[in-house]
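Here is a friendly briefing to read alongside the model. Please keep the viewer open as you go through the points.

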Amino acid sequence: MTTRHPGLGFALTGLALAGLLLGADSGVRAEDEDKRSPSGSVELVYRDVDRDGSRRKYDEDFDGLDSGVRLANLELDWSDLDSKLLDRARLELSGLGDPYRRGSFQLGRRNVYDLRATHWQQAYLYDLFGLVNNEDGAAWDARRRMTDLTFRAFPSERVQLSFNYQRGERTGNSLFMKDVERNLFRLDTPLDAEHELFSVAATVEVGPVNLLFRQSRRSYDNRFRNITEDNAGLEAGALSRLDSYDWLQRDDGDVDLTTIRVGAGLGKRVRLAVSLIGTLLGEEQLDSRVGLDATGLDFNGDPFSVVGGSSRSEAEGDTMLVDVDLTVKLVEAVDLHLQFRNLDRELDGVLTRDLDGDGLEDDIDGDGVPSSDTRLDYELSTLTALVEARPARTVALRAGYRTIDRTLDRNGFGGLLRDTELDSDDDETVIFGLSLRPVKWFRLNADIENGDITQPFNAVAPRETSHTRIRAAFLPQPEMRIDLGYLDFDHDNNAPDLRSPGSFYDGTAEGTTHSVAFWHKANENVDYMLRYAEQEIDTRVGVRFDLAGFNLADDGDSVFQNDNTQLSAYLNYRWSEAWKIHARYTMTESEGHNLLFGDASGLVNDEVIAQDYDDWELGLTYLLPNGLYFGADYRDFEYDDGGRRLDGLGAVLFSNDGLDYKGQIVSLRAGLTF
Amino acid sequence: MHRMFRRLLPLVALCCAVPLAAPVGAEEEYVGSETCAACHDEIAAAFARTPHARSPYWDEERGCESCHGPGTAHVEEGGDPARIVRFGELSARQASETCLSCHRKQEAHFSSMQSLHRLGDVGCNDCHDPHGSHDKLLRAEGSELCSRCHQAIAAQFDLPRSHPIAECAKCHNPHATKSLRTDRSLFRDTCGDCHFDKAVPYVYSHDVVFVDGCAACHEVHGSPNRHLLKHEPQVNLCYQCHSASVTPGWHSVPRFLNEKCTACHTAIHGSNTSPFFLEE
């Protein structure tokens with residue numbers, strides 16, 4: 001299932017396809033041959049990475065960016081082709097060999113067809129073992145790849161047909177923690193997941209009405225394998241061990257979705273859009289199978305063996321989403337917007353399991369019946385009415401009201417305590433907004449929303465919400481702007497606790513962000529930007545500490561307090577035909593606490609946040625008249641993590657000093673624009 | 001849903017009462033793009049390379065005047081700028097109406113009247129340059145363009161842990177309506193475009209994903225915590241919802257205070273073998 005060097009393969013396929021199509025039309029006249037010559041650019045880079053400090057943290061932040069020669073960028077554009085098969089083509093490649101690489105290819109002929117393909121890959125590296133408590137460990141060396149192919153045909157001006165194919169893959173390796181026989185084991189877990197999506201769609205214009213019909217099928221195939229040999233586990237004093245362990249799980253299924261959309265102008269005053277998205281012609285479907293073989297010692301130190309352990313589950317689901325957007329021009333300067341949305345998702349599942357391989361099915365939820373049936377039903381209805389008035393050409397006022405009903409029922413999740421019944425209706429939100437453009441050089445947009453939620457779903461969800469967003473921009477010149485931003489949220493939750501009758505949630509969350517930025521493009525040769533931002537977040541949620549069992553609880557709090565300060569700037573300056581420079585600087589300071597403490601017990605888990613990151617780059621480029629250029633960049637970065645975890649007495653349990661790193665990257669570039 | 005319909009009906013009745021007809025303006029004369037190019041030759045040459053010029057919906061007969069309106073008076077008055085539609089002189093709303101007269105045919109713009117940007121008085125021309133050469137006629141590369149207004153969000157991507165792919169439009173639809181903001185469960189679909197391995201049906205789903213979405217536990221733009229979690233160590237996050245009254249006795253805090261819940265509850269997004277998300 002794993003594809004080797006897909007970026008390269010994709011590029012070669014694209015080039016070959018372009019060559020075939022470009023060469024296929026023998027009717028191209030000699031004087032038009034120059035139209036076959038593409039415009040574009042290409043850049044090669046040699047990068048030297050010199051780092052010092054934590055390799056693991058560097059890899060986590062830079063996804064393993066390393067030294068070597070790379071094709072940084074390639075763009076080829078044929079925009080005036082005079083072929084019967086195509087009149088344009090474009091190829092883009094970037095980052096080949098780097099953690100994030102992307103390629104795209106487009107070709108088409110006006111009024112006939114359009115073909116686009118894109119592919120990207122992202123690396124994800126992560127290794128926590130040895131940095132924190134071993135039982136907190138995790139490691140990934142993963143790649144996520146996505147390919148998208150879209151073909152559109154235009155049989156007439158009013159009809160468009162399209163076909164889309166997507167493919168996603170997740171491959172690589174990870175280390176996985178699993179509790180077996182009261183011991184915790186670190187298991188090798190190859191990553192092997194993929195999905196495919198096929199869809200066909202037709203868009204038709206009939207008078208003032210536009211119709212779209214799309215049918216898609218998404219197939220997924222996820223495999224999980226946990227394997228180990230001769231593994232003593234991580235728990236101190238545990239008697240259990242695994243001589244061998246092999247868990248193989250395969251989840252696959254399909255999701256069929258039908259989309260019907262209608263957009264229509266009804267006269268000059270009414271605009272209506274209706275969408276229906278759901279499993280009209282199919283369903284969501286899952287089939288999961290597990291096989292398990294294991295040998296070792298159990299928690300008493302006695303030999304155990306599992307041969308042919310198994311688990312089998314199936315699920316079927318239905319989704320239906322209805323959207324109605326209606327806009328009516330009540331009078332010339334006043335619009336009424338109505339939005340209605342209803343989402344209904346249902347999922348039924350059944351699980352049978354014999355994980356110890358003894359031939360007897362497990363009693364999964366303790367009800368004396370071997371198999372377990374589950375059901376989940378979620379429904380959400382939203383209605384928003386918004387009046388938009390424009391008393392003057394430069395002013396817009398908005399006032400509205402939103403009401404939301406939500407219900408969630410799930411059962412069969414392993415006992416009554418784990419079943420859920422949420423019914424929150426008549427959630428109300430009032431909305432106000434103001435947009436001003438009184439003069440050409442100033443604009444302001446402000447939105448305020450205040451909401452009351454009848455029943456939050458959990459302790460971290462709000463019962464009362466307040467959101468304020470204000471953005472102002474000064475544009476004293478066409479290519480100059482000063483932006484000011486203010487974002488604020490305030491949440492409270494003192495609603496009844498859904499899962500503990502008689503008790504109440506106790507949570508607050510506040511956050512504020514200020515930002516100011518200045519951008520100026522002085523002329524074609526100079527542009528620069530400065531940005532400063534501050535972010536403050538304070539959340540507190542009341543929790544109950546479980547000290548030893550159900551009856552020994554202590555009230556406490558889980559607190560997150562975080563202040564972030566950021567400064568960012570760049571400059572691009574071309575001072576002559578031959579020379580240009582660029583500079584970039586980013587500074588981030590992040591401070592605060594992740595705190596969990598009990599009022600009476602004095603138990604404290606205090607994770608101090610103290611992260612500083614500086615990153616700057618200076619680059620110089622020499623350009624020749626023929627489009628050839630050469631450049632050199634110097635980048636310097638430093639990460640300093642003063643984070644530490646403290647116990648109740650302030651003693652340091654461990655620190656993040658081992659995560660510090662710094663380094664330099666020197667890049668030599670050579671490129672050509674044509 | 002029925003309660004919701006009862007609330008909806010009076011509003012629909014009000015809308016139906018509004019007169020639907022409106023007068024239509026008289027036809028004016030067009031001069032054609034070749035006449036425009038006689039003076040605006042650089043713009044004409046650049047425009048020929050834009051996606052607009054290649055569009056199957058482009059009106060070749062009217063050309064420039066498709067957007068700038070009939071140019072007869074402009075030409076007859078010796079190029080008087082006051083006699084032609086100039087978008088810099090229009091409000092964001094007025095300018096966008098011109099664009100939408102064609103682009104409403106596209107699926108993304110069926111609900112254009114209620115898009116968040118439109119309601120915030122952001123017009124098409126604020127982000128798109130109709131004479132530009134970029135694929136989507138954007139005035140700057142994707143995330144750089146968005147960050148000019150959304151500075152505070154852009155700053156979150158400078159936090160020590162941030163989402164590795166910082167292309168705004170991969171997750172956000174800039175033409176979306178408010179509905180997408182009020183239905184948290186659809187965040188799962190947004191995230192699931194790339195995290196497809198987690199956006200599948202499960203026999204046992206972590207129900208918060210349905211109701212509050214991925215953002216219930218993750219800060220999706222950036223966070224000082226690993227995995228973009230809202231809290232670290234992880235037990236601080238999980239305990240907010242799963243504290244003493246809903247966890248069995250062996251989850252005592254003294255034992256698990258500095259550890260990670262997903263060390264055992266490995267399939268925390270959903271499981272097909274365990275109601276307690278204990279295994280994949």
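A:Glu60 and A:Lys57 form a salt bridge whose closest N and O atoms are 3.2 Å apart, in what is a predicted model. A salt bridge here is a side-chain nitrogen of Lys or Arg within 4 Å of a carboxyl oxygen of Asp or Glu. The structure holds 72 of them over all chains.

**Salt bridges**

- A:Glu60 and A:Lys57 are three residues apart in helix α2 (residues 55-62) of chain A, and so are separated by about one helical turn. Helices (H or I, at least four residues) and strands (E, at least two) are DSSP runs, numbered from the N terminus.
- A:Glu60 counts as buried at 12% relative accessibility, and A:Lys57 is buried with a relative accessible area of 0%. Buried means under 20% relative accessible area, exposed over 50%, and partly exposed in between (1.4 Å probe, protein chains only).
- A:Asp256 forms a salt bridge with A:Arg217, with 2.7 Å between the closest N and O atoms. This pair links distant parts of the chain, 39 residues apart: A:Asp256 sits in strand β10 (residues 241-266) of chain A and A:Arg217 in strand β9 (residues 209-231) of chain A.
- A:Asp256 counts as buried at 10% relative accessibility, whereas A:Arg217 is partly exposed, with a relative accessible area of 38%.
- A:Arg437 forms a salt bridge with B:Asp121, and their closest N and O atoms are 3.8 Å apart. Because A:Arg437 lies in strand β17 of chain A and B:Asp121 in the loop between α8 and α9 of chain B, the pair joins two chains. Both A:Arg437 and B:Asp121 are buried.
- One network, joined by salt bridges that share partners, takes in A:Lys57, A:Glu60, A:Asp61, B:Arg161, B:Arg226 and B:Glu232.

**Strand β5 of chain A and its partners**

- Strand β5 (residues 113-127) of chain A is largely enclosed by the rest of the structure, because 11 of its 15 residues are buried.
- Strand β4 (residues 100-109) of chain A runs antiparallel to β5(A), and 10 bridges join the two. Strands pair if DSSP finds at least two bridges between them.
- A:Gly108 has A:Asp114 in β5(A) as its bridge partner. Three residues lie between the strands in the hairpin of β4(A) and β5(A), where A:Asn111 takes a positive phi near 70°.
- β5(A) is also joined by 15 bridges to strand β6 (residues 139-156) of chain A, and these two strands run antiparallel. A:Arg116 stands opposite A:Thr150 in β6(A).

**A:Thr384 in strand β15**

- A:Thr384 is found in strand β15 of chain A and is buried, with a relative accessible area of 7%.
- Leaving out residues up to four places away in sequence, A:Thr384 touches A:His337, A:Leu338, A:Gln339, A:Tyr401, A:Arg402 and A:Ile431. Contact means heavy atoms within 4.5 Å.
- A:Thr384 and A:Ala396 are 12 residues apart in sequence and 18 Å apart in space, C-alpha to C-alpha.

**Helix α7 of chain B**

- Helix α7 (residues 92-103) of chain B has 12 residues and reaches 16 Å from its first C-alpha to its last, close to the 16 Å expected at 1.5 Å a residue. The expected span is 1.5 Å times one less than the number of residues.
- Buried in α7(B) are B:Ala92, B:Arg93, B:Ala95, B:Ser96 and B:Leu100. Seen down the axis of α7(B), these buried residues fall within an arc of 155°, so they line one face of the helix. The arc is that of the directions from the helix axis to the C-beta atoms.
- The cover over the buried residues of α7(B) includes β14 (334-354), β15 (372-392) and β17 (420-439) of chain A, together with α8 (116-119) and α9 (124-127) of chain B.

**Chain B overall and confidence**

- Chain B has 17 helices and four strands, and 45% of its 280 residues count as buried.
- The model scores ipTM 0.89 and pTM 0.88.
- Chain B averages a pLDDT of 81, and 82% of the residues score at least 70. pLDDT is the predictor's confidence in each residue, from 0 to 100.
- Over residues 18-26 of chain B, pLDDT stays under 50, and the model has 12 contacts beyond four places in sequence for them. Where pLDDT is low, the predicted coordinates should not be read in detail.

**Reading notes**

- Residues are numbered from 1 along each chain as its sequence is written, while chains are lettered from A and ligands numbered from 1 in the order in which they are written.
- Local features need pLDDT of at least 70, side-chain atom pairs count only at pLDDT 80 or more, and totals for chains, interfaces and linings use all residues; side-chain values use heavy atoms, with hydrogens and water left out.
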